[in-house]
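Here are a few exercises to work through with the model open beside you. Try each task on your own before reading its solution.

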Amino acid sequence: MNGNSFAKASVNEHPEGLIPVSVIGLGNMGQALAAIFIAAGHPVTVWNRSTGKDERLVGNGAVRAKTAADAVAVSRMIVVCLSTYEAVRSTFMPLQSELAGRVIVNLTTGTPDDARRMSVWAEEAGIDYLDGAIMAIPPMIGSPEALLLYGGRQKIFEAYQPVLRLLGGHTTYLSEDPGVALLHDLAMLTMMYGAWYAYFHAHALLRTAHISAEAFLPYSSHWLQRLIVPMLTNRDAGRKLDDGDYATDISTMTVNKLGLDSIVKSSQELGVPADWLLPIQAVADQMVAMGYGNDGFERVIEAMTNHRAHGVEPADAIK
Ligand code: FVH
């Protein structure tokens with residue numbers, strides 16, 4: 001039976017579509033996921049590698065499975081949220097036959113290749129498979145703001161989306177490609193870690209003059225909300241980037257290169273490690289040297305994508 005018929009069968013078997021759900025992995029996120037399914041009235045079975053993390057869930061009606069195999073046996077919908085894909089593989093590969101005919105909803109962070117490989121394994125084992133990315137923190141799960149992205153066979157998503165939508169108001173199906181959800185995940189995490197690291201570098205600079213984060217907060221908030229975010233997310237930003245339209249009358253590559261030079265110079269003088277800025281500075285230098293000084297800073301994407309076509313060396317190749 002394919003995912004559609006299984007889901008239909010299982011939904012019809014249960015009032016208001018309250019199908020049994022098993023949650024594998026009760027870390028901070030797994031517990032949040034299980035709690036939502038319990039609160040919605042689904043029969044929920046939980047399993048975790050180590051004990052002691054399911055007390056509250058069991059107290060609220062979840063059934064504790066002794067083994068992962070027991071948790072798989074009692075539900076068609078298996079939601080897994082572990083630290084790594086290696087953990088998912090080591091948990092599920094031994095249960096391949098027990099999993100056949102069920103659906104795995106994998107909400108573990110990994111790489112798009114991890115997701116695609118697991119999808120192939122599942123398909124070959126007769127297991128329906130959806131790969132998801134949770135773009136939210138545990139306290140947000142179940143809220144209208146929570147964003148969860150999915151990839152995999154659309155008919156499987158459609159069959160189980162009433163249950164999946166319990167996890168967040170922005171539950172979104174992206175593609176038949178199971179790797180696309182994690183590609184979005186890693187793209188957004190890149191934005192997050194880059195912003196976090198830059199934010200902390202800023203504070204390291206300020207600390208050299210004993211300026212506190214609290215005192216800086218009004219300025220950092222203003223800068224992020226009034227300039228950085230609008231510049232990156234205004235209506236034209238995506239189109240211009242997609243079209244390779246780097247024209248600007250706001251801030252040229254040359255101006256940004258000089259700004260980067262000042263940051264690196266003063267960071268080094270103040271003893272704040274600026275190594276992470278050097279590849280960015282080098283790309284800006286190269287762009288100016290190649291005659292793109294009047295373009296916007298957005299042109300640096302050329303050093304990350306079709307650099308060979310544009311004769312631009314990848315950032316990491318720059319000495
Ligand atoms: N927490 C968050 O804010 C983020 C939000 C976005 C999505 N992530 C991803 O969710 C996955 C789980 O994250 P987590 O925060 O729940 O992580 P932990 O609290 O550390 O729990 C990890 C669970 O994984 C189990 N586990 C680890 N290794 C194995 C293994 N080899 N075999 C079986 N289970 C394993 C671990 O079990 P235990 O240590 O309690 O026995 C936990 O249940 C993750 O991909 C995030 O990136 C969360």
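**Exercise 1. Find the handedness of the crossing of H9 and H10, then describe how the two helices pack.**

Solution. In this predicted model, the crossing of H9 and H10 is right-handed.

- Step 1: Locate the helices. H9 covers residues 180–207 and H10 covers residues 213–233.
- Step 2: Look at the axes. They come within 11 Å and cross at roughly 125°.
- Step 3: Classify the angle. Roughly perpendicular ends at 115 degrees and roughly antiparallel needs over 145, so H9 and H10 are oblique to each other.
- Step 4: List the residues that meet. From H9 come Tyr199, His203 and Leu206, and they touch Ala213, Phe216, Leu217 and Ser220 in H10.
- Step 5: Sort them by class. The contact of H9 with H10 has five nonpolar, two polar and no charged residues.

**Exercise 2. Decide how H5 and H7 are oriented to each other, and name the residues that make their contact.**

Solution. Start again from the axes.

- Step 1: Helix H5 (residues 85–92) and helix H7 (residues 112–124) have axes that come within 11 Å and cross at roughly 15°.
- Step 2: Angles under 35 degrees count as roughly parallel, so H5 and H7 are roughly parallel to each other.
- Step 3: The crossing of H5 and H7 is left-handed.
- Step 4: H5 brings Tyr85, Val88, Arg89 and Phe92 to the contact, while H7 brings Asp114, Ala115, Met118 and Trp121.
- Step 5: By class, these are six nonpolar, no polar and two charged residues.

**Exercise 3. Work out the packing of H12 against H13 and the make-up of their contact.**

Solution. Follow the steps in order.

- Step 1: H12 spans residues 253–270 and H13 spans residues 278–289; their axes are 9 Å apart, at an angle of about 145°.
- Step 2: The crossing of H12 and H13 is left-handed.
- Step 3: Among the residues in contact are Met253, Leu260 and Val264 of H12, and Leu278, Ala284 and Val288 of H13.
- Step 4: The residues of this contact divide into eight nonpolar, three polar and three charged.

**Exercise 4. How many residues surround the ligand, and which are the closest?**

- Step 1: The ligand is surrounded by 21 residues, and the closest are Asn48, Arg49, Ser50, Lys53 and Thr109.
- Step 2: Check Arg49. An N or O atom in the Arg49 side chain is 2.7 Å from an oxygen atom of the ligand.
- Step 3: Check Lys53. An N or O atom in the Lys53 side chain is 2.7 Å from an oxygen atom of the ligand.
- Step 4: Turn to the backbone. A backbone N or O atom of Leu26 lies 3.3 Å from an oxygen atom of the ligand.

How values were computed
Residues are numbered from 1 along each chain as its sequence is written. This is a predicted model: local features need pLDDT of at least 70, side-chain atom pairs count only at pLDDT 80 or more; totals for chains, interfaces and linings use all residues. Side-chain values use heavy atoms; hydrogens and water are left out. Axes are lines fitted to C-alpha atoms, for helices over the stretch in contact, and angles run from 0 to 180 degrees between N-to-C directions. Helices (H or I, at least four residues) and strands (E, at least two) are DSSP runs, numbered from the N terminus. Angles under 35 degrees count as roughly parallel, over 145 as roughly antiparallel, 65 to 115 as roughly perpendicular and the rest as oblique. A crossing is left-handed if the near helix is turned anticlockwise from the far one by less than a right angle, and right-handed if clockwise. Contact means heavy atoms within 4.5 Å. Ala, Val, Leu, Ile, Met, Phe, Trp, Tyr, Cys and Pro count as nonpolar, Asp, Glu, Lys and Arg as charged, and the others, Gly among them, as polar. A residue is near a molecule or strand if one of its heavy atoms lies within 4 Å of it. A polar contact is a pair of N or O atoms within 3.5 Å; within protein, one must be able to donate a hydrogen and the other to accept it, and residues adjacent in sequence count only if both atoms are side-chain atoms.
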